[in-house]
Amino acid sequence: MGEQVIVCKELTKRFGDFYAVNNISFEVNRGEIFGFLGANGAGKTTAMRILCGLSYPSSGSATVAGFDVYRQQDEIKKNIGYMSQKFSLYENLTVSENIEFYGGVYGLSRAVIRERSAALIQTLGLEKETKKLVGELPLGWKQKLAFSVAIFHRPQIVFLDEPTGGVDPVTRRQFWDMIYEAAAGGITVFVTTHYMDEAEYCNRVTIMVDGKIEALDAPQALKQRFGAGNMEEVFYQLARSAKRSSD
Amino acid sequence: MEAVVLDGITKTYAGGKVLAVDNVSLTVKPGELFGLIGPDGAGKTSIFRVLTTLLQADKGSATVQGLDVVKDYQRIRQILGYMPGKFSLYQDLTVEENLHFFATLFGTTIEANYGIIREIYEQLKPFKDRRAGKLSGGMKQKLALCCALIHKPEVLFLDEPTTGVDVVSRREFWDMLARLKSMGITILVSTPYMDEASLCERIALIQAGRIMQIDAPEQIVRSYPVRLYAAKADDIYGLLKDMRENPAVESCYAFGEYLHLTMKSETADAIMALEGFARERGHTGITVKEIAPGIEDTFIRLMNQKTQ
């Protein structure tokens with residue numbers, strides 16, 4: 001590790017007199033699985049939108065994959081992948097068409113798309129489903145495909161916004177196998193989740209409360225510091241006092 | 001009389017091509033807090049929609065408080081409260097207007113049944129003039145619950161009320177359910193979060209349209225047929241991959257900071273054998289112990305049995 005792919009210093013986003021993100025500072029290392037937790041309304045989504053180049057901060061500084069969040073939003077977008085539970089794939093396109101579309105959006109050549117697409121379909125065991133509409137796939141497969149598509153252009157960082165919501169317990173774990181593999185391959189994983197057991201799978205975890213980072217450390221160290229048996233208890237101790245609640 | 005009865009209910013979509021609910025039977029006792037536990041696509045919402053008379057089953061029969069969901073649908077609608085998984089209140093009406101609207105629909109007033117919603121609604125009162133669409137997630141959830149309760153239903157149906165909600169709000173919500181139960185309301189609630197199962201009196205584990213097991217949560221974990229072990233090491237992902245290659249190991253899944261393992265055959269020295277295997281593979285910081293299974297362990301085991 002060592003090399004930092006996300007650096008935030010005193011990052012703030014204000015809407016009127018409401019501080020959605022209030023002076024947060026942290027760094028994420030290359031190849032790290034970084035858990036970004038917080039109560040509903042703590043400011044996670046706002047912070048993530050800034051880091052993905054979708055929104056400007058009010059003050060403070062941040063670089064993502066070496067690019068500045070004020071001046072180089074387009075460069076950021078080219079160097080990251082993004083997947084959310086709510087939207088990731090086009091349901092009315094087939095498996096192959098979705099892969100081709102995303103490859104194309106990220107400017108990969110047809111030859112590269114063809115080659116990676118074949119490898120991907122084989123890894124996922126979707127050979128028989130390539131001509132099926134994504135809308136017809138079971139949720140678990142959709143999520144695995146969505147993740148694969150999000151890292152199809154080999155981004156430096158992938159942002160995962162509650163990627164495992166609602167899936168069965170076996171698929172949820174298979175999904176985490178994919179996350180580990182991507183991280184082992186050098187992709188930095190920035191992930192939010194409401195499943196506290198998944199917080200344990202992260203190298204380091206931040207917990208946001210009311211726009212601020214209240215804790216940032218390895219899960220083991222957080223549990224020790226808060227005298228808690230698991231991450232759910234750590235989270236509960238910190239978030240219980242939250243004043244805000246929204247999405 | 002049972003509060004809710006499902007007898008051989010089957011529901012398909014797309015002209016029979018998609019089997020959403022497959023011959024499901026279950027009963028909920030009066031005053032019981034009953035949980036339907038399963039992932040998205042398991043058939044939970046279809047079951048709720050059959051019971052709330054919004055959807056007709058292909059096969060089977062169902063009753064709520066002894067009333068048939070097809071024949072007596074109008075009477076059932078008077079006595080049930082339903083909170084759908086998707087926020088379904090009027091976004092353009094204020095908090096108070098929504099509540100007033102639902103009370104009027106059922107021919108009652110907010111004042112007449114205020115006792116039931118008092119504790120929940122007091123938290124919403126500061127925002128009573130805010131439009132529902134402008135509320136935060138946790139507040140929307142509380143308002144939806146109030147609207148489902150304002151006509152004093154006998155049976156309450158809650159479809160994934162805690163999905164996407166943080167740990168603190170989830171605990172608050174379950175405290176509210178316990179209070180409603182103490183008022184004598186029968187509650188059928190669904191959730192994809194296995195850890196919420198232990199808060200119900202009885203649960204049904206449901207997957208791919210079929211019920212895998214129904215019982216009290218303590219009974220379900222007690223029926224786990226084999227010994228379960230937890231293991232960890234400094235490199236937990238390395239340990240996971242290694243243990244899956246261990247020929248003596250039957251199953252191995254990540255559970256928070258530990259792995260949970262079962263063995264192909266029961267032996268007295270399983271802990272030593274697992275420790276030894278981990279050491280051979282060069283692991284450090286190894287801990288192995290026998291543990292009591294949870295609902296999620298049971299769910300995974302039943303799922304795997306079914307697919308084999």
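Colleague: In which sense do strand β7 (residues 155-158) of chain B and β8(B) pair, and over how many bridges?

Modeller: They pair in the parallel sense, over four bridges. Bear in mind that this is a predicted model. Within that pairing, Phe157(B) stands opposite Leu188(B) of β8(B).

Colleague: Which other strand of chain B pairs with β8(B) in the parallel sense over five bridges?

Modeller: That is strand β3 (residues 33-37) of chain B.

Colleague: Now the antiparallel case. Which strands of chain B run antiparallel to β1(B)?

Modeller: There are two to look at. Strand β1 (residues 4-13) of chain B is joined to strand β4 (residues 59-64) of chain B by five bridges, with Val5(B) opposite Thr63(B). Seven bridges join β1(B) to strand β2 (residues 18-28) of chain B, and there Val4(B) has Val28(B) as its bridge partner.

Colleague: How many residues lie between the strands in the hairpin of β1(B) and β2(B)?

Modeller: Four, and Ala14(B) in this hairpin takes a positive phi near 55 degrees.

Colleague: What should I look for in the nonpolar interior?

Modeller: In soluble globular proteins, nonpolar side chains tend to be buried together. Here the largest nonpolar core has 161 residues, and those with the most contacts inside it include Val158(A), Val189(A), Leu143(B) and Ile187(B). Helix α5 (residues 137-149) of chain B gives the most to this core, with eight residues. Domain 1 (4-221) and domain 2 (225-292) of chain B each supply at least three of its residues. The C-alpha centres of those two domains of chain B lie 40 Å apart.

Colleague: What does Leu143(B) touch, not counting residues up to four places away in sequence?

Modeller: Among its contacts are Leu89(B), Val95(B), Leu124(B) and Leu135(B), and Asn98(B) is there as well.

Colleague: How does the overall form of chain A read?

Modeller: Chain A has nine helices and ten strands. Its radius of gyration is 18 Å, which agrees with the value near 18 Å for a compact globule of 247 residues. Of those residues, 46% count as buried. Among contacts in chain A with a separation of 6 or more, 69% are between residues 24 or more positions apart.

Colleague: How many residues of chain A are in contact with chain B?

Modeller: 30 residues of chain A are in contact with 27 residues of chain B. On the chain A side, α6 (169-184), α7 (196-199) and α9 (231-239) each supply at least two residues. The most comes from α6(A), with five residues. By type, the chain A side divides into 15 nonpolar, eight polar and seven charged residues.

Colleague: Which residues of chain B does Tyr236(A) contact?

Modeller: Tyr236(A) is in contact with Val167(B) and Val168(B). Tyr236(A) sits in helix α9 of chain A. Tyr236(A) has 19 C-beta neighbours inside 10 Å and so counts as partly exposed, since buried takes 20 or more. Within chain A, Tyr236(A) and Ala39(A) are 197 residues apart in sequence, yet 9.3 Å apart in space, C-alpha to C-alpha.

Key:
Residues numbered from 1 in each chain as written. Chains lettered and ligands numbered in written order. Predicted model: local features only at pLDDT ≥ 70, side-chain atom pairs only at ≥ 80, totals over all residues. Contact = placed C-beta atoms within 7 Å. Nonpolar A, V, L, I, M, F, W, Y, C, P; charged D, E, K, R; others polar. Buried ≥ 20, exposed ≤ 12 C-beta atoms within 10 Å, placed from the backbone. Core = buried A, V, L, I, M, F, W, Y, C linked by C-beta atoms within 7 Å. Domains from an automatic or database assignment. Rg over C-alpha atoms; globule rule 2.2 N^0.38 Å. Pairing = 2+ DSSP bridges.
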